[in-house]
Structures are given as C-alpha cells and as structure tokens.
Amino acid sequence: YKLNIMRQDKDLRETLKSIAPSRDAIITSDIWADPEPLVRSKKELEFPEDLFPRSLKDHCMTLSQLSSIPPEAYLAGLLTSFSACTQGKVIIHAKKEFIVRPSISAMIVAPSGSRKDSVFDWSREPLRKLIKRDKDNYKGNSVQKELLLTETLIQLDKKYKKAIQDNDQIAIEEITKERVSAQTELVNTKIKKSNFIFESGTQERLYKLMEENQHRGIFICSSEFVQMLGVMGKKGNEALKPFLIKLFNGSVSESFTHQTIGGTNVDIEKCYGCSLTSVQNDVLSTFFDMISAGHNNDGFIQRFFLIPINPKVQRMVDIEHDLDTSVVDNVFALLYDHDGEIHVEWEDQEAKDAYFDYDVLIRERAENDISFIKSFRTKYSGQSVKLAWIFAQLDAPKGIIVNKISKKYFLMTVKWLEWQSRILDVTYGNMSGDGAIKDATALLDMIMMIADGTPSMQLSSSSKLGANRYRAALELLISKNYVKLVDGKIVKSPKL
C-alpha cells in the first residue's frame with residue numbers, strides 16, 4: 001500500500017493527524033512481548049472433541065456424517081433447544097445474591113447453500129416430539145380436567161365474594177389458597193396443549209406465544225437473523241428489541257403489555273426465552289463494522305454464541321445408518337417433564353474459585369480488546385455458569401437431575417469459551433475483504449514505511465481507511481504487540 005496523505009484524502013488526513021506515526025515517534029523499548037500472528041491457523045479453530053456431552057456425542061457425529069456439516073453445529077443447536085426445556089425451572093446460584101437461568105442462544109454463521117436448515121430441523125426435533133405427545137394426551141384426559149378446573153374457579157370466586165361480604169378472614173385465606181392452587185393447575189393443564197417454538201410469523205404472533213407460555217418460556221428458532229432484525233426495525237416495533245435483549249439474557253421479570261392491531265391487549269407478566277438463528281458471513285461482517293463504528297451496539301448480538309459452518313466438499317452418497325434418538329429424547333424429556341424449581345449450586349469452594357478466577361481473567365483480557373469485542377468477552381463470564389450446568393446435566397447418568405456444578409464441568413465450559421474467543425477473533429478479522437486484519441496489515445505497512453523514512457506513499461481510493469476502521473486496525477495491532485501508544489504517539493515494536 002502506498003499513501004500520499006497530504007494530497008489525496010482530506011478527511012483521512014485529519015483523522016490521522018492527531019495520532020499519526022512520525023519518524024521521531026518510532027522509538028524502541030526493552031519491554032516488548034513477541035508479536036502474535038494476525039491470522040490464526042485452521043488447527044486453532046478446530047472444535048475440541050472432548051466437549052461433546054455423553055448423551056449428544058454419537059447423535060451429533062452421525063448427523064454430521066449424513067450432512068457434511070461439522071458436528072459442533074448440531075451440538076450448539078441441541079444445547080439451545082435443551083435450554084428451552086429448563087426455562088422457568090432451573091435457577092443457578094452463581095454467587096451470593098446473583099442467580100442466572102440456563103437459557104443460551106446461538107447463531108449459525110454460514111454462506112448461502114451450506115445446508116444449515118438441517119441443524120435447525122434436528123435441533124427442533126426433540127421439542128416437537130414432546131409438544132406432539134402433550135397435544136395427544138390433552139385430547140384425552142386434559143380436556144375434561146380443564147373444564148372441571150374452570151368450573152371450580154367459578155365456584156371459588158362466588159365463595160370468595162361471599163366471604164368478603166361476611167368479613168370472614170379465615171374463609172378468605174382458605175379460599176385464596178384454593179384459588180391459587182386451582183389457577184396454577186389450570187395453567188399447567190393448558191400449557192400442555194400449546195406450542196412454544198416460534199419459527200416465523202408476525203410480531204403479534206410472537207407476543208401471543210409469549211403470553212401463552214409465560215411459565216414455560218419460548219424457543220425462537222428463526223433461520224434468518226436478518227429477518228428478525230427486519231421485524232425489529234419496523235415502525236411500531238420499537239419495544240420489541242429491548243424486550244428480546246432481556247429475554248435472551250434468560251428471562252424478563254417485569255410485566256409487559258402489548259396492544260395488538262385489533263385493539264386487544266396481550267399481557268405478559270414474565271417470560272423466558274432462548275434462540276437459535278443464523279446469518280450469512282458477509283451480513284455479519286457488515287453488522288460488525290456498524291457496531292465497531294458505534295452504531296447498533298445495544299448488546300443484542302452479544303447474547304449469541306457464534307458457530308461457523310464450513311461444509312465439507314464431497315460427493316453426496318447414501319449412507320446406511322441407524323439413528324437412534326432415544327438417548328437424546330430421554331434427556332430432553334427428563335427436564336421438560338420435571339415439576340417445580342431446581343436450585344443449582346457449586347459443588348465445592350474449588351469449583352466456585354475457578355469461576356471467580358475465570359471472571360477476572362476474562363475482564364483482564366477484555367481490556368486489550370477493541371471496544372465491541374470487549375462486550376462479547378465480558379458476556380462470557382455469565383454464560384460460563386449456564387453452560388457448565390448444561391454440560392453437567394447432559395453428561396449425567398440416565399434419570400439424574402444435577403443440582404451441583406463441579407470444577408470438571410466448569411473447566412469444560414472454559415474450553416468451549418476459549419474456542420469461542422478464537423472464533424470471535426477470526427470472524428471479526430477475516431469475514432470479508434474489508435475485515436480488520438486487512439486494515440491492520442495496511443496500517444502496519446504504513447507505519448513500517450514511515451519508520452524506514454519512505455518519502456512518498458500512495459493509497460488507492462478503494463483502500464482508504466475511515467476513522468472507525470483506522471481506530472479498529474490500530475487497536476488490533478496494539479493487542480497483538482505490533483505497536484504501542486506512548487503519549488499519543490505510535491511506537492513500533494523493535495522485534496519487527
């Protein structure tokens with residue numbers, strides 16, 4: 001790259017002027033870490049095979065063999081759909097006065113035609129079976145039970161009004177308890193006939209699904225992330241995105257009322273939610289550029305794990321297989337059918353200390369990241385507790401519900417999150433020709449030529465760095481030990 005800063009680009013000249021390197025500023029220092037490669041090797045990005053829980057490993061491997069899609073994509077999809085079974089039931093006590101619910105969301109990052117629909121289909125499949133089972137059962141016993149409970153509530157309301165008139169406090173207390181019990185049982189009966197998977201539809205349909213599943217939560221399984229963003233951007237939908245940001249964090253506890261087009265109110269007292277979605281590589285790159293430039297960085301996309309798909313190029317063949325789904329179905333049904341709350345704690349102080357130490361490590365590492373990647377990193381600390389319990393539950397013997405998180409499964413989670421960190425670095429830097437790695441390389445060339453005393457340099461108009469891309473490239477070079485900022489001036493590593 002050749003640059004003639006003073007002649008070609010006035011805006012760029014003003015951007016560089018405050019911190020542009022000069023020959024006088026290129027100094028040496030004795031304290032320098034070795035520069036790290038800007039581009040990671042493919043081997044570093046390989047998914048660790050020991051991160052497959054016992055109940056899902058064979059299932060994911062078989063599906064991968066059938067579709068040529070990496071098995072970790074199926075694992076991520078099943079982790080999100082499994083977390084949908086736990087909503088409203090599992091409470092993890094991460095530390096004193098800090099609880100989390102194990103709802104997680106994932107985003108498949110893949111080009112068009114990568115067969116990602118297979119991931120969505122198989123991730124929904126265990127939930128669809130449970131929903132169908134409940135609807136079939138509802139057609140039998142539950143219909144009559146719902147009618148009886150409705151009639152019971154009508155009679156209890158009459159008794160309650162009479163107790164109020166008679167000022168009979170003892171009767172009022174007893175009837176109140178009976179009403180709460182009957183209402184809870186009626187909700188649990190009705191919930192067995194409803195669907196809680198949102199695949200596509202209007203905002204009205206999404207809110208209605210939330211209202212119907214307030215005690216169980218919803219699973220948003222939309223294959224195109226941009227479609228979801230499109231719904232959020234429409235006039236009148238301004239409240240949807242902040243609501244989903246809270247929802248994908250695990251739950252929305254405050255009440256929410258939405259007025260439909262028809263004028264009726266949808267009342268949501270509380271709700272739980274998780275999501276599996278996808279986005280094409282170039283779209284995500286553009287979205288990242290917008291965040292880096294300071295636009296739309298509201299924390300929404302940070303709720304998602306990023307799962308890249310690079311399908312193997314191979315001739316399609318018919319493979320004989322015996323895909324037994326009973327193990328997966330059973331582990332889903334165990335949590336789905338559980339009544340009451342499950343309180344989860346650390347197994348011992350060693351496990352809790354590992355969590356506290358990792359939280360510090362993540363935040364220290366985030367200090368050297370470019371601004372929006374920092375928001376991803378800091379989000380990992382809260383996600384680590386959720387994943388640790390999910391891994392432990394999916395690895396547990398048949399029929400056992402885990403209520404303790406051991407250090408073993410927390411370290412398993414750390415390994416997952418370290419893989420996510422590497423994916424995040426490469427996703428941001430290498431997603432397209434306008435990625436930060438290309439920009440950082442161009443900027444480093446400029447610094448080297450100025451340091452060498454090159455008198456004249458030129459840069460083609462297609463390669464000009466805007467203010468935000470320049471800043472991101474500079475921060476990336478700093479984080480990889482190529483340069484430092486000293487008193488507002490760029491200092492080149494003497495090891496280059």
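**Entry 1: Gln87 and Cys274**

I began with the side chain of Gln87, where a polar atom lies 3.2 Å from the backbone nitrogen of Cys274. The model is predicted, and I read this distance as a computed value. I placed Gln87 in the loop between α4 (71-86) and β1 (90-95). Is Gln87 buried or exposed? I found it buried, because its relative accessibility is 3%, under the 20% cut-off. I then listed what Gln87 touches beyond four places in sequence: Ser103, His215, Arg216, Gly217, Ile218, Tyr272, Gly273 and Cys274.

I turned next to the cysteines. I found zero disulfides in the structure. Cys274 takes part in none, and the nearest cysteine sulfur, that of Cys85, is 8.8 Å away. I noted Cys274 as buried, at 0% relative accessibility. Cys60 is likewise buried, with a relative accessibility of 0%.

**Entry 2: Confidence**

I looked up how far the model can be read. The mean pLDDT is 77, and 75% of the residues reach 70 or more. Over residues 1-9 the pLDDT is below 50, although I found 28 contacts for this stretch beyond near neighbours in sequence. Residues 16-29 also stay under 50, and the model gives them 29 contacts beyond four places in sequence. Where pLDDT is low, predicted coordinates should not be read in detail, and I left both stretches at that.

**Entry 3: The whole chain**

I recorded 16 helices and 14 strands. Of the 496 residues, 48% count as buried. I noted an accessible surface of about 24800 Å², with 50% of it belonging to carbon and sulfur atoms. Among contacts with a separation of 6 or more, 76% are between residues 24 or more positions apart.

How many of the eight residues of α9 are buried? I found six, and helix α9 (residues 240-247) is mostly covered. The buried residues are Leu240, Lys241, Phe243, Leu244, Ile245 and Leu247.

I then looked at Glu269, in the loop between β8 (265-268) and β9 (271-279). Glu269 is exposed, because its relative accessible area of 61% is over the 50% cut-off. Its C-alpha atom is separated by 8.3 Å from that of Thr257, 12 residues apart along the chain.

**Entry 4: Salt bridges**

Side chains of opposite charge can pair when their charged atoms come close. I searched the whole structure and found 14 salt bridges.

I examined Lys495 and Asp34, whose closest N and O atoms are 3.0 Å apart in a salt bridge. This pair links distant parts of the chain, 461 residues apart: Lys495 is in the segment after β14 (489-492), and Asp34 is in the loop between α2 (10-17) and α3 (57-67). Lys495 is partly exposed at 45%, whereas Asp34 counts as exposed at 54% relative accessibility.

I next took Glu199 and Arg124, a salt bridge with its closest N and O atoms 3.8 Å apart. Glu199 lies in the loop between β4 (197-198) and α7 (203-212) and Arg124 in helix α5 (residues 117-166), so the pair ties together parts 75 residues apart in sequence. I noted Glu199 as partly exposed at 34% and Arg124 as buried at 8%.

I also found a salt bridge between Asp157 and Arg179, at 3.2 Å from N to O. Here helix α5 holds Asp157 and helix α6 (residues 169-191) holds Arg179, 22 residues apart. Asp157 is partly exposed, with a relative accessible area of 32%.

Definitions and conventions
Residues are numbered from 1 along each chain as its sequence is written. This is a predicted model: local features need pLDDT of at least 70, side-chain atom pairs count only at pLDDT 80 or more; totals for chains, interfaces and linings use all residues. Side-chain values use heavy atoms; hydrogens and water are left out. pLDDT is the predictor's confidence in each residue, from 0 to 100. Contact means heavy atoms within 4.5 Å. Helices (H or I, at least four residues) and strands (E, at least two) are DSSP runs, numbered from the N terminus. Buried means under 20% relative accessible area, exposed over 50%, partly exposed in between (1.4 Å probe, protein chains only). A polar contact is a pair of N or O atoms within 3.5 Å; within protein, one must be able to donate a hydrogen and the other to accept it, and residues adjacent in sequence count only if both atoms are side-chain atoms. Accessible areas come from the Shrake-Rupley method with a 1.4 Å probe; for residues, only the protein chains shown count as cover. A disulfide is a pair of cysteine sulfur atoms within 2.5 Å. A salt bridge is a side-chain nitrogen of Lys or Arg within 4 Å of a carboxyl oxygen of Asp or Glu.
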